[in-house]
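Please look through the sequence and the model below, and keep both at hand while reading the report that follows.

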Amino acid sequence: MPDTADAPREDGLDDDSADAAGSGTRPPLNLRQIEVFRAIMLTGSISGAGRMLHVSQPAISRVLALTESRLRFPLFERSRSRLAPTAEARRLFAEVEQVYGGIQRVNELAANLAQAGAGALRVISSASFGQRMVPQALAVLRQGRGQARVDYRSSTYDELAGHFLSGQADIAVSMRPPVHPNLVSVELGRSEVVCVMPRDHPLARCQAVAPADFSAAAWIGYPADAPLGRVLTAYLGYAPTRTPAAIEVHSPVTALAFVQQGLGPALVDSWCVGPRTRAGLAVRPIVPPAHIGIWATYSELQPLPLMARRFLAALKKVLQDEPGPSFEDED
């Protein structure tokens with residue numbers, strides 16, 4: 001610590017001592033004096049305390065002399081090169097150690113908060129983004145922060161706001177931003193919508209799937225107010241005729257599972273289709289092309305927690321590194 005704070009005034013008193021002399025009161029010890037007293041108690045000498053605090057011996061001696069003057073009783077008995085603490089010093093030291101124990105606990109808590117944040121990070125996402133996007137972002141987040149605890153759950157669009165209002169979410173990732181005055185949403189990017197089907201489906205012979213091709217087959221759809229339901233409605237609007245969906249589901253993850261069972265083609269976002277999923281499916285672009293948003297949402301009523309900010313940064317990195325969908329024929 002620097003010596004400048006230790007230098008007494010020319011009259012031998014610091015400002016607090018001058019005030020005390022004028023008022024007749026005995027001012028309390030300041031943190032610098034307590035620190036020097038503790039260092040002497042631990043090392044047993046002026047020189048040892050100086051090395052411990054990285055200051056000169058004269059500076060330690062000045063602070064000690066000022067401390068004893070302020071207390072009006074000696075703290076140490078001088079014996080050659082060592083200082084023997086008085087009974088009063090030993091009693092005072094016991095209290096000082098309790099203070100330093102509290103300071104250590106504060107520092108440990110601060111370190112833990114920097115490492116893992118205040119409690120578990122609570123993440124909500126659309127089931128589709130929970131397949132690859134969110135796990136990849138969490139993997140980036142936990143690099144070097146292996147102690148970070150995460151509470152993750154998937155949610156439908158109409159449930160998102162409720163998770164925040166009930167205190168169950170710090171941050172959410174969805175295809176559409178929930179509409180609520182106490183929530184803030186930021187669009188991080190866009191995900192291409194693709195058509196998935198069994199590899200032996202007639203549409204698999206197409207290089208790209210048009211609305212007329214899609215609506216001519218028994219297909220899997222979504223409710224009109226769902227994020228992909230809106231995309232599907234706009235997409236099929238280009239077809240001269242429209243055939244209703246044979247099966248309606250509420251999540252692209254469910255749609256993908258139904259496609260894998262041979263129940264028909266479906267439109268899903270490209271994040272839903274990972275490399276392993278492609279093994280038994282044909283994936284084709286759609287024309288005209290369509291996209292869905294990737295939105296991060298958090299509460300406006302309280303600051304975004306540290307780990308949520310770090311998760312958001314990890315999510316942006318994952319989206320930046322994503323190469324985009326591949327439509328190579330795997331036959």
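Leaving aside its neighbours within four places in sequence, which residues is Val 196 in contact with? This is a predicted model, in which local features need pLDDT of at least 70 and side-chain atom pairs count only at pLDDT 80 or more, while totals for chains, interfaces and linings use all residues. Residues are numbered from 1 along each chain as its sequence is written, and side-chain values use heavy atoms, with hydrogens and water left out.

With those sequence neighbours set aside, Val 196 is in contact with Leu 256, Val 259, Gly 264, Pro 265, Ala 266, Val 268, Val 273, Ala 282 and Val 283, where contact means heavy atoms within 4.5 Å.

**Nonpolar cores**

A nonpolar core is a set of buried Ala, Val, Leu, Ile, Met, Phe, Trp, Tyr and Cys residues joined through side-chain atoms within 4.5 Å; buried means under 20% relative accessible area, exposed over 50%, and partly exposed in between, with a 1.4 Å probe and protein chains only. In soluble globular proteins, nonpolar side chains tend to be buried together.

**Helix 9**

Helix 9 (residues 227-236) is mostly covered, since seven of its 10 residues are buried, among them Leu 228, Val 231 and Tyr 235. The covering of these buried residues includes strand 6 (183-198), helix 8 (211-215) and helix 10 (252-260).

**Salt bridges**

The structure holds six salt bridges, a salt bridge being a side-chain nitrogen of Lys or Arg within 4 Å of a carboxyl oxygen of Asp or Glu. The table gives three of them.

| Pair | N to O distance |
|---|---|
| Arg 32 and Glu 35 | 3.0 Å |
| Glu 322 and Arg 132 | 3.6 Å |
| Asp 151 and Arg 153 | 3.7 Å |

Arg 32 and Glu 35 both lie in helix 2 (residues 31-43), three residues apart, about one turn of the helix. Arg 32 counts as buried at 14% relative accessibility, and Glu 35 is buried with a relative accessible area of 14%.

Glu 322 lies in the segment after helix 11 (306-321) and Arg 132 in the loop between strand 3 (121-125) and helix 6 (133-142), so this pair ties together parts that are 190 residues apart in sequence.

Terms used
Helices (H or I, at least four residues) and strands (E, at least two) are DSSP runs, numbered from the N terminus.
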